Amino acid sequence: MAVYAISGAATGIGAAIAGQLQQRGDRVISIDLRDADICADLATDEGCQQAIEGVRALAAQGLDGIIPCAGLGPSVKSPSLIARVNYFGATTLVEGLADVLVDGGVVAMIASNSAAMVQSSPYTEALIAGDEQTACELADAADPYSAYAGSKLALCGWMRRQCPELARRNIRINAVAPGIVATPLTDSVMSDPDLGQAMKDFAASVPLGKVAQPQQIADVVLFLLSTGASYMSGSVLFVDGGYDAVLRPDAI
Ligand code: NAD
């Protein structure tokens, strides 16, 4: 039985990943604002430390994997919360638990295909530099969509920078980049008066013709956790029904 720590496990994609792991007999240590083994607010330093200490206490034999899935969409009122949860909440969790990953351990980050729709910027650079104050100020000055997509671009950049150091300990780190997934996060964006129409247009133009179900993202995360992905590290897997291929046909 393997042991995985998953944030954002109460709903959506995180719940689907947790459910699949538990169904096959693995143990999940869940972190979320509520309905989790560890209830902690990953938007705050205290909450991140509470989550890290809580997981360490529950994983005495070490962790086989970490999946930092907690995240907020662009419909939140304060875009700096996106920077705090999507970037700092995720990276702080991995940094605080990396030393308890077992030999052969894995990390699967949850990015977004929106990461490929924005460029590197002072905001993403501040995130990667760990300058939380500047990143939050820039997020609040940006439009919510840019704050969201930038948080995921920076998350991929951070992930790729961790790859060599973790590989020295035989630990792999990768990311999935979902498109639109049927979750509470998407529901709240769809019903947002400013963002909803663009999200509906986006959903209508997905080549595979429909939004993903959380299980379809979980399937790919479970592949990244598996020995089937034993030679993969530093990769971003798009799981978006072909949307990125339409937007960026010449990118690899
Ligand atoms: P969701 O809202 O169903 O799940 C997000 C979870 O994160 C919730 O359980 C929520 O309580 C938790 N969370 C939020 N803020 C938190 C905080 N401060 N502290 C602790 N937990 C917190 O949404 P989802 O769609 O399943 O999103 C999961 C991940 O997938 C996110 O990182 C999101 O950015 C990413 N993603 C989602 C989509 C999509 O279309 N839904 C697309 C690409 C990427």
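**View 1. The seven-stranded sheet of the predicted model.** Seven strands build an open sheet with parallel pairing. Their order is β3-β2-β1-β4-β5-β6-β7. Strands are DSSP runs of E with at least two residues, numbered from the N terminus. Two strands pair if DSSP finds at least two bridges between them. The edges are β3 (38–39) and β7 (236–239), each pairing on one side only. Residues are numbered from 1 along each chain as its sequence is written, and side-chain values use heavy atoms, without hydrogens and water. In this predicted model, local features need pLDDT of at least 70 and side-chain atom pairs pLDDT 80 or more, while totals for chains, interfaces and linings use all residues.

View 2. Strand β6 (residues 172–178) pairs with β7 in the parallel sense, over four bridges. A177 has F238 of β7 as its bridge partner.

**View 3. The shell around the ligand.** The shell counts 29 residues, each with a heavy atom within 4 Å of the ligand. I13, D32, D41, Y148 and T183 come nearest. By class, 18 are nonpolar, eight polar and three charged. Helices α1 (12–23), α6 (144–167) and α7 (184–190) each supply at least two shell residues. α7 gives the most, with three. Helices are DSSP runs of H or I with at least four residues.

View 4. A polar contact here is a pair of N or O atoms within 3.5 Å.

- I13: backbone N or O atom, 2.7 Å from a ligand oxygen.
- V181: backbone N or O atom, 2.8 Å from a ligand oxygen.
- T11: polar side-chain atom, 2.9 Å from a ligand oxygen.

Taken alone, the ligand exposes 820 Å², and the protein buries 94% of that (Shrake-Rupley method, 1.4 Å probe).

Methods. Polar contact = N/O pair within 3.5 Å; in protein donor to acceptor, adjacent residues only side chain to side chain. Nonpolar A, V, L, I, M, F, W, Y, C, P; charged D, E, K, R; others polar.
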